[in-house]
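Hi everyone, thanks for coming. I'd like to walk you through one structure this morning, so please have a look at the screen.

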Amino acid sequence: MRFIHLADVHLGAVPDRGCPWSKEREEEIWSTFRRVIAGIREDPVDLLFISGDLFHRQPLMRELKEVNYLFSTIPDTRVYLMAGNHDFISRDSFYNTFEWNSNVIFFRSRELTCVKDPRLDVYVYGLSYYDREIKDGLYDQAVPVQKEGIHILLAHGGDEKHIPLSAAALAASGFDYVALGHIHKPQILIRDQAAFSGALEPIDRNDTGEHGYMEGRLINGRIRTEFVPFACRSYQQLVMTLHEETTQISLEEAVKSQIFRRGGRNIYRIVLQGMRSPDLLLIPEKLKSLGNVTDVVDESWPAYDLGELYKRYSGTLIGDYIGYFLAKKGMDTVEKKALYYGLQALLETGSRR
């Protein structure tokens with residue numbers, strides 16, 4: 001027996017709305033889901049589990065028809081899916097009346113339901129969200145209906161507003177595998193027994209790292225799983241260390257080199273660190289134009305010699321300003337910013353007199 005477990009596909013999402021690549025990302029989410037189905041057609045699996053949030057919001061009828069058609073192209077694979085907190089079953093949801101293909105089992109009930117796969121000795125459990133938030137631990141008391149067979153639970157949640165989960169309760173529950181959704185970063189909760197597959201494609205800039213799905217096999221009566229990277233691009237943090245010799249042009253060249261090495265299709269958040277020359281005029285917008293850059297965070301500091309400046313400006317407003325901060329035993333980040341940004345403003349004002 002072999003299966004694929006995925007979750008949080010978020011069809012219909014528009015990542016990084018307003019950015020030049022946003023429309024392309026919306027289409028890529030659909031494209032990657034189609035690639036999963038195409039892969040199953042070429043190399044069939046017995047079961048496909050989708051643990052909630054297949055859609056980013058209430059699905060349109062045409063979207064359900066498109067997805068159902070894709071499922072119809074893998075007739076030898078049984079598809080099990082549930083509604084999560086994003087695509088929860090509202091009163092007027094098309095989920096309520098939609099007729100799925102014969103190989104699809106949709107857990108429409110808000111109560112945990114068990115379905116036995118007709119071809120395999122496998123029991124699959126699931127429920128669907130009927131509200132955006134569910135604060136009750138609905139899976140805490142979940143247990144297999146009997147000892148025989150393989151028992152797999154589809155579960156969506158993991159925080160205080162979306163069905164809180166207990167790893168200890170899941171470990172003791174008796175399920176052979178718990179296919180988890182809701183947390184977008186892949187995470188093994190219990191080795192070969194419970195895992196968040198993560199979002200199939202990263203949905204926003206917080207979804208850093210690899211994304212894809214979990215693949216499982218039944219080997220000698222036990223399930224073995226592995227994560228399969230599958231997303232077409234990723235969000236990455238690019239940390240650039242500045243020094244006193246750094247110039248705007250040299251920084252731009254270094255950023256371009258890093259983006260080329262890591263992949264031009266990926267999406268970057270640039271973080272500037274280190275001690276830069278006080279004379280350097282940073283222009284973050286130029287860095288944004290070098291690739292798919294969501295934002296530039298400047299955590300660097302001008303390389304002032306505070307002791308020398310304190311002596312030079314002793315008895316002046318600048319000297320008193322530096323002395324106030326030097327008298328402190330320790331400075332937090334906010335105070336450090338106040339010192340350097342304030343000092344830079346005072347020095348620039350003084351130089352213009």
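Let me begin with the annotation: UniProt positions are given in the numbering used here, feature names are shortened, and annotations may be inferred rather than shown by experiment. With that in mind, an unreviewed UniProt entry lists residues 1-186 as "domain: Calcineurin-like phosphoesterase". Please remember that this is a predicted model, where local features need pLDDT of at least 70, side-chain atom pairs count only at pLDDT 80 or more, and totals for chains, interfaces and linings use all residues. Residues are numbered from 1 along each chain as its sequence is written, and side-chain values use heavy atoms, with hydrogens and water left out.

Across residues 1-186, the span is 22% helix and 21% strand, and its end C-alpha atoms lie 23 Å apart. Helices here are DSSP runs of H or I with at least four residues, strands are runs of E with at least two, and both are numbered from the N terminus.

Now to a helix, α4, at residues 248-262. Its 15 residues reach 21 Å from the first C-alpha to the last, close to the 21 Å expected at 1.5 Å a residue; that expected span is 1.5 Å times one less than the number of residues. Which residues of α4 are buried? They are Q248, L251, E252, V255 and I259. Seen down the axis, these buried residues fall within an arc of 100 degrees, so they line one face of α4; the arc is taken from the directions from the helix axis to the C-beta atoms. Buried means under 20% relative accessible area, exposed means over 50%, and partly exposed is in between, with a 1.4 Å probe and protein chains only. On the face turned away from the buried side, α4 carries the exposed residues I249, F260 and R261. The cover over the buried residues of α4 includes β13, β14, α5 and β15, with contact meaning heavy atoms within 4.5 Å. After α4 comes G263, with a positive phi near 125 degrees.

Next, the aromatics. The structure holds 16 aromatic pairs. Rings of Phe, Tyr and Trp (its six-membered ring) pair if their centres lie within 6.5 Å; planes under 30 degrees apart count as stacked, over 60 as edge-to-face and the rest as tilted.

Finally, let's visit the loop between β1 and α1. A7 lies in that loop and, at 0% relative accessibility, counts as buried. Where does A7 make contacts? Leaving out residues up to four places away in sequence, A7 touches S51, G52, L180, G181, S197, G198, A199 and L200. H10 is found in the loop between β1 and α1 too. H10 is not a glycine, yet has a positive phi of about 60 degrees, and H10 is buried at 0% relative accessible area.
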